[in-house]
Amino acid sequence: MNITIIVPVYHEEGNIRKLLAQISTHVKNSHEIVIVYEDPDDPTIPVIKKHFSLRNILLLKSTRKTGKGLTSAIKNGISHARGKTIVFVMADLSDNIEQIDTMYDLITVDKYDIVCASRYMKGGKRIGGPYLKTLLSKTAGLSLFYLFQVPTHDATNSFKMYRANLLKQLSIESTGGFEFSLELILKALRRKSTVTEIPTLWRDRESGSSNFRFFTWLPQYISWYLRFFQFYIPLSRTIILSAILLALFVFSVYLFFLSKSVFGGDSGDLLSAIAVNGVPHPSGYPLYTMIGILLGVLPFSASLAWKVGLGSAFFSAITVSIVYMIVFRIWRNRLYALITALSLALIFPYWLYAEVTEVIALHHFFLALLFFLALLYRQTKERTYLYLLAVATGISLTNNQTILLFFPSILLLVAPTFVRSKYKVRSMLSSLFLLIVGLLPYLYIPIAASFKPPINWNNPVTLQNFLNLILRRDYGWGAVTVVDWKIRQFVLENYFSYVHAELPLIAALSIITGVISGIIRGKDKVVFAALLMAFFLLGPFFFWYGASPTYEVFSDGSREKFYASSIFFLVLLLPYGIDVVHTLTKNLLSRVVMDKTRLYYYQMIIVAFFLLIPLLLFSKNSKLLRLGDSVRIPEVYARELLTSLPKNSILIAKHDNSLFPLWYMQYAESVRKDVFVVLPPEIVRLADSGRLSMTPRTITTALPSGNTDDTRLNRVALQLNAPVFISQGDYHGMVRKNTVIFYPYGIVLKYAGEKEQTMSEETFLKNQKTLLVSFSQPHTLLPPEKRERLWLLHNFPTFYSRGYEYTGYFLMYAYHDFVLAQQYFQKAIEVDPENHEAYEGLGIAYFKQKQMQKASEAFLRAVDIEPLNTNAYYLLYKTQVSLGKKESVKGLEAFFRRYHEIYKNFVYENTSVKLP
């Protein structure tokens, strides 16, 4: 007997006759048909007995002993099979019976152990069937084929032929349904069995009802699917399950704290690009944008910020689980792995970017994934991991290009194993090809740009513009000029101060101890060196190279997301310190405690003490990072500002942190889309040259280059039939030669028309007071303790304070009312005690009232808040001259000389300002 065909049946009276006829017609090899049923009254059986000779048909009834259900029927059939090969056929006519002889030839002639009929390989096809079932089976089959090189595209299909002696050795553990097919292929691969596949046509049943119980059997499918990971990724099922549970726990924590609104920094730009299927700022971030677009269409009611933020929480949680597996692979200690993973999950910069819309969470995911794959390749020498590493490397470059600094560590891990490989050339070419494949998300950029979305940085429809965008030619990579060593020293000191502040003392001491131990007696010095190199390149080196002279808190916030990348690897050094304590404990206690079990538990208790690290981190950071509805100041600021403007206004936003929330409210929340929000003049010049296009509606042709910003923008206001406003404007240029250029309008500045040129002080104040009252008080939107730590939100109170500050300056410049101006400056300082420009204005008001001591104190406070405020330094110099303080005057003159020497590219040629 060559072939045994096993057919489980349950009420298939409408199909069985046609199936048996097909077998009789198309199967030419000697065969038997084993039909297994469990219901004695099944109407299928009389049909068989009536229409077919039973000489090659064996009817088997499932009993209490053999068990009931599909897998029990399959096992019962196998136990009675007499053929050299066994094939499973479903009675619903879905399988292509004509291929059975071909499958038999492949086993007997070509010596394969298993032949799989594949619906998802080239030439195969699936017709009909539930969409969700099709999607999941196709995803499972293709992912196993491409991830682990399982030699079939369709591992879930039950239509397979097996060599009988092999199949009878593969015990079936499954108790549900068709997941037995996954189980058998996995167990066969474990035995090094040979497997091939042929394309097949599969059709959904035409009569009868399906017995496929999707939601009942799904957990069993998932269980066996995950066992492929266990087989190909050399970790026990317990470790993988622990990693999954850890990810679920961390994700639930992140979900509870998740921000429901737009955050500071780049968040608004990314969300706006996602909302309009556009292109965000350089380097374009295509992978993140595409993921955000998919998250944005999730079928439940929530803000776009919250939906996209789910991605940050998800990828951060998955990263924590990967870190857990990395540490276990290195140390083979679950407690080390748990302490390290939880410490990473709860440290401030990592936790922060798990709660908000930013590319950094996905960046961390790739850092962990690349390291894990490189580690697995180093330890197992399996080329599968090298190929996965190659494609993941390419994909990672489409998210955040600072990952380039991590590549030396990856090469350090991979190179020794690769050099010793027998297939170096083949592996190199395959890896290069897969790396290029990983770069395919970049195709999103020109495709999206071709539709001319409102957010379309660099308009990358040409190769030149595309390269400008992805290579950041307009944004740069680090410091914009050569900077003094003292500036670099200052930036590095800030970085190490940050690390010291965020790490609990016990963690810092453990890491320092671990680094020393790793250098002296490291367990695997190459892995240790790779971790240390990653920390150095993504941390100290990156900040030394990109040092820029700024003391602004917002700039600290911009750097903070990069702090997180280096701290990521610093935390991975934590187990080295824990192991030192563990080893010392073992050596000391072994002299006193003789019982090995008791000694083991004592050691574990001492190691468990390090769980104090994540507990301390949670206690410290949980209140600050409970974002939810409590941190809404960017959204409220943007909504209130847009609402305050007249219809069809033009608003020129001169600060990213002001501009991006405005875009978000317009494009994601549809608030005041009639207001045309444009970029500051510096970037508008790029639009004139064709290198940047932010919107189909453009005013850039009205901005000739070569003139001052005020002149160019004033010409725009004159040429366009629309009110023009500017945020974060030049308050010293509001009035020139007794002509009003622009004047305060709420918390922004408005370009003055003919009527406004001669506006009385009384009219101005009446209108301005009405506008200012309509704005919220920032301390109610951003509690002081959160402002102190959430640096990317730090300058939003300043944006609100600007309304009072601008009013004070205008009162001085336009009306020479220094007494009333003083009151508005004081109100600006009350709204934002860190508004150094308000202190500068207050100092001028005092100066003009001959109150030199108070003026000096105000200017000193201004430079104390912002040491790069050259105007305040100049005014302080003038004040000290008036007070006759010679030593102070000499010191300031020396400062100016040194200041120009160090910062010459960051200040105006004339640091002075004209007093009103």
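Mentor: What follows is a set of questions about those labels, with the values set against the cut-offs.

Trainee: What kind of model is this, and how many helices and strands does the protein chain have?

Mentor: The model is predicted. The secondary structure of the protein chain amounts to 41 helices and 16 strands. The chain has 916 residues, 59% of which count as buried. Its accessible surface is about 39,100 Å², and carbon and sulfur atoms hold 59% of that area. Among contacts with a separation of 6 or more, 76% join residues 24 or more positions apart.

Trainee: Why is I447 called exposed?

Mentor: Exposed means over 50% relative accessible area. I447 has 51%, so I447 counts as exposed. The residue lies in helix α19, residues 444–450.

Trainee: Which residues make up the nonpolar surface patch that includes I447?

Mentor: The patch is made by F433, V437, L440, L443, I447 and F451, and covers about 640 Å². Patch residues need over 30% relative accessible area. I447, at 51%, therefore passes that cut-off.

Trainee: Why is S409 called buried?

Mentor: Buried means under 20% relative accessible area. S409 has 0%, so S409 is buried. S409 sits in helix α17, residues 407–419. Apart from neighbours within four places in sequence, S409 is in contact with A530, M533 and A534.

Trainee: Is F676 buried or exposed, and why?

Mentor: F676 has a relative accessible area of 6%, which is under 20%, so F676 is buried. F676 lies in strand β11, residues 676–678. The C-alpha atoms of F676 and W663 are separated by 9.6 Å, and the two residues are 13 apart along the chain.

Trainee: What is the strand order of the open sheet of seven strands?

Mentor: The order is β3-β2-β1-β4-β7-β5-β8, with mixed pairing. Its edge strands are β3 (57–61) and β8 (195–199), each of which pairs on one side only. From one strand to the next, the twist averages 20 degrees.

Trainee: How do you know that β4 pairs with β7, and in what sense?

Mentor: Two strands pair if there are at least two bridges between them. β4 (residues 85–88) and β7 (residues 160–163) have three bridges, so they meet the criterion, and the sense is antiparallel. I86 has Y162 of β7 as its bridge partner.

Trainee: How many bridges join β1 and β4, and in what sense do they pair?

Mentor: β1 and β4 have four bridges and pair in the parallel sense. I6 has F88 of β4 as its bridge partner. Strands of a sheet pair through backbone hydrogen bonds, either parallel or antiparallel. The sheet's label of mixed pairing is illustrated by β4, which is parallel to β1 and antiparallel to β7.

Trainee: Which way do the residues of β4 point?

Mentor: T85 and V87 point one way, I86 and F88 the other way, and all are buried.

Trainee: Which strands does helix α4 lie across?

Mentor: Helix α4 (residues 100–108) lies across β1 (3–8), β4, β5 (114–118), β7 and β8, and runs at about 35 degrees to β7. The buried residues of α4 are I100, D101, M103, Y104, L106 and I107. Their cover includes β1, α1 (16–26), β4, β5, β7 and β8.

Trainee: What makes β12 and β16 a pair?

Mentor: β12 (residues 724–727) and β16 are antiparallel with two bridges, and the criterion is at least two, so they count as a pair. F725 stands opposite K750 in β16.

Trainee: What joins β15 to β16?

Mentor: Four bridges join β15 (residues 742–745) to β16, and the two run antiparallel. Y745 has V748 of β16 as its bridge partner. β15 and β16 form a hairpin with two residues between them, and G746 in the turn has a positive phi of about 65 degrees.

Trainee: Which residues of β16 point one way, and which the other way?

Mentor: In β16 (residues 748–751), V748 and K750 point one way and L749 and Y751 the other way. All are buried.

Note on methods: Residues numbered from 1 in each chain as written. Predicted model: local features only at pLDDT ≥ 70, side-chain atom pairs only at ≥ 80, totals over all residues. Heavy atoms only, no water. Patch = residues over 30% accessible without salt bridge, like charges linked within 9 Å, V, L, I, M, F, W, Y side chains within 5 Å. Areas by Shrake-Rupley, 256 points an atom, 1.4 Å probe, with all protein chains shown as cover. Salt bridge = Lys/Arg side-chain N within 4 Å of Asp/Glu carboxyl O. Buried < 20%, exposed > 50% of the residue type's maximum accessible area, 1.4 Å probe, protein only. Axes fitted to C-alpha atoms, helices over the stretch in contact; angles between N-to-C directions. Contact = heavy atoms within 4.5 Å.
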